[in-house]
Amino acid sequence: METFSKKEKEKQRQKKRKDKQEKREDRKANAQKGQPLDQMLAYVDENGNISSTPPDPRRKRQINEEDIQLGVAKQEQEAAPDVIRQGVVTFFNASKGYGFIKDLQSQDSIFVHINALIDPINEQDKVSFSITRTPKGPNAIDVRKAV
């Protein structure tokens, strides 16, 4: 005695087999073997799109080899890390332990961690700090409230 689920699974298997057979027959009927080489080629146009026609050589752009940049751009050296800078705290979340300071000199947003604080800070406080470089970017250290 077959249950309903067994009958359904068998119907699904039969349908899969039938679909697979139909696909196989369709591939055989529409096989494109033995085409000439020029019908099998695909070209890339000046915008990077694949097309069946060769690109127009008049639209070819000349690129200077020195302008090609491989890898990551070199970062410019900022002022020495021992220089004391001034800034304003734009965001600080004491519960999460981090925030951001806007440097008044360069207008950059600089990350600050709670472990780098000398005095407790809040948003909109004027602070003085030093900058250290990390792999993720500049970090503020020795952060003090400005007097």
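Biologist: In which order do the 5 strands close into a barrel?

Modeller: In this predicted model, the barrel closes in the strand order 3-4-5-7-6, and its pairing is mixed. From one strand to the next, the twist averages 50°.

Biologist: In what sense do strand 4 and strand 5 pair, and over how many bridges?

Modeller: Strand 4 (residues 98–103) and strand 5 (residues 109–113) are paired in the antiparallel sense, with 5 bridges. Within this pair, Y98 stands opposite H113 in strand 5.

Biologist: What is the relative accessible area of Q107, and how does D142 count at its relative accessibility?

Modeller: The relative accessible area of Q107 is 46%, so Q107 is partly exposed. D142 has 43% relative accessibility and therefore counts as partly exposed.

Biologist: What span should the 26 residues of helix 1 have?

Modeller: At 1.5 Å a residue, helix 1 (residues 4–29) should span 38 Å, and this agrees with its end C-alpha atoms, which are 38 Å apart. Helix 1 is hardly covered, as the count of buried residues among its 26 residues is 0.

Biologist: Which domains does the assignment give, and how far apart do their C-alpha centres lie?

Modeller: The domain assignment of the protein chain gives domain 1 (1–31) and domain 2 (84–145). Between the C-alpha centres of domain 1 and domain 2 there are 65 Å.

How values were computed: Residues are numbered from 1 along each chain as its sequence is written. This is a predicted model: local features need pLDDT of at least 70, side-chain atom pairs count only at pLDDT 80 or more; totals for chains, interfaces and linings use all residues. Side-chain values use heavy atoms; hydrogens and water are left out. Helices (H or I, at least four residues) and strands (E, at least two) are DSSP runs, numbered from the N terminus. The expected span of a helix is 1.5 Å times one less than its number of residues. Buried means under 20% relative accessible area, exposed over 50%, partly exposed in between (1.4 Å probe, protein chains only). Domain bounds come from an automatic or database domain assignment. Two strands pair if DSSP finds at least two bridges between them. Axes are lines fitted to C-alpha atoms, for helices over the stretch in contact, and angles run from 0 to 180 degrees between N-to-C directions.
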